[in-house]
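Here are my notes on the packing of this model. Please read them with the coordinates open.

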Amino acid sequence: MSASTWSIQLDDRQRLVKAAIEAKEFAYSRYSKFRVGAALLTTTGNVIKGANVENASYGGTICAERTAFVKAVSEGILSFTALAVVSDVAHPISPCGMCRQVIREFCAPNMPIFLVPADYEKRVTQGHADGGVKETSIGELLPDSFGPEDLDRPRG
């Protein structure tokens with residue numbers, strides 16, 4: 001576990017990882033064939049899933065992380081406890097730059113982000129308790145970032 005993130009209950013972490021894996025199954029990745037699932041844990045304990053949705057114009061593509069945030073925010077949910085992201089790659093994959101900025105908009109710098117390898121379930125059944133999950137935070141992924149509070153700074 002990263003020293004710069006807060007903790008969540010183990011059952012919440014497992015539920016969140018499972019939801020991200022489930023979300024990945026609904027990815028529309030017709031062009032890249034790179035499926036991604038994400039799951040947000042709200043401060044009320046609800047889980048909101050997102051999958052990447054590609055578009056023939058490429059620029060219209062939305063990542064799984066942003067899909068989850070758009071779903072949440074459009075329903076008035078603005079407070080989150082953790083995020084999990086999974087792809088079909090055996091190595092944990094980190095959110096892209098655009099997703100990092102969206103995460104920064106809505107999450108505390110030390111909120112845990114779980115980067116989940118595709119073979120998470122296999123690793124757990126083989127006795128690897130953490131399943132190969134890399135725990136990080138938006139503060140680590142996007143240091144010295146620009147956020148909403150910067151818009152309130154005095155201009156000179």
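1. Tyr-31 sits in the loop between α1 (10-24) and β1. Helices (H or I, at least four residues) and strands (E, at least two) are DSSP runs, numbered from the N terminus. The model is predicted: local features need pLDDT of at least 70, side-chain atom pairs count only at pLDDT 80 or more, and totals for chains, interfaces and linings use all residues. Residues are numbered from 1 along each chain as its sequence is written, and side-chain values use heavy atoms, with hydrogens and water left out.

2. Tyr-31 has 30% relative accessibility, so it counts as partly exposed. The classes are buried under 20% relative accessible area, exposed over 50%, and partly exposed in between (1.4 Å probe, protein chains only).

3. Now the contrast case. Phe-80 is in strand β3. Its relative accessibility is 6%, so Phe-80 counts as buried.

4. What does Phe-80 contact, leaving aside its neighbours within four places in sequence? The partners are Trp-6, Leu-40, Leu-41, Thr-42, Thr-43, Phe-69, Ala-72, Phe-106, Cys-107 and Met-111. Contact means heavy atoms within 4.5 Å.

5. The largest nonpolar core has 19 residues. A nonpolar core is a set of buried Ala, Val, Leu, Ile, Met, Phe, Trp, Tyr and Cys residues joined through side-chain atoms within 4.5 Å. Leu-40, Phe-69, Phe-80, Leu-83, Ile-103 and Ile-113 touch the most other members. Two or more residues each come from β1 (36-42), α2 (64-74), β3 (80-87), β4 (112-116) and α5 (138-141). The largest share, 4 residues, is from α2. Another core, of 15 residues, lies apart from this one; Ile-8, Ile-21, Ala-82 and Val-116 are among its members.

6. Check the rings next. Rings of Phe, Tyr and Trp (its six-membered ring) pair if their centres lie within 6.5 Å; planes under 30 degrees apart count as stacked, over 60 as edge-to-face and the rest as tilted. The count is 3 aromatic pairs. Phe-69 and Phe-80 are edge-to-face, at 5.2 Å centre to centre and 80° between the planes. This pair links helix α2 to strand β3, 11 residues apart.

7. Phe-69 is at 2% relative accessibility and therefore counts as buried. Its ring and that of Phe-106 have centres 5.9 Å apart and planes at 20°, so the pair is stacked. Phe-106 belongs to helix α3 (residues 97-106), 37 residues from Phe-69. At 28% relative accessibility, Phe-106 counts as partly exposed. Ring pairs join Phe-69, Phe-80 and Phe-106 into a cluster.
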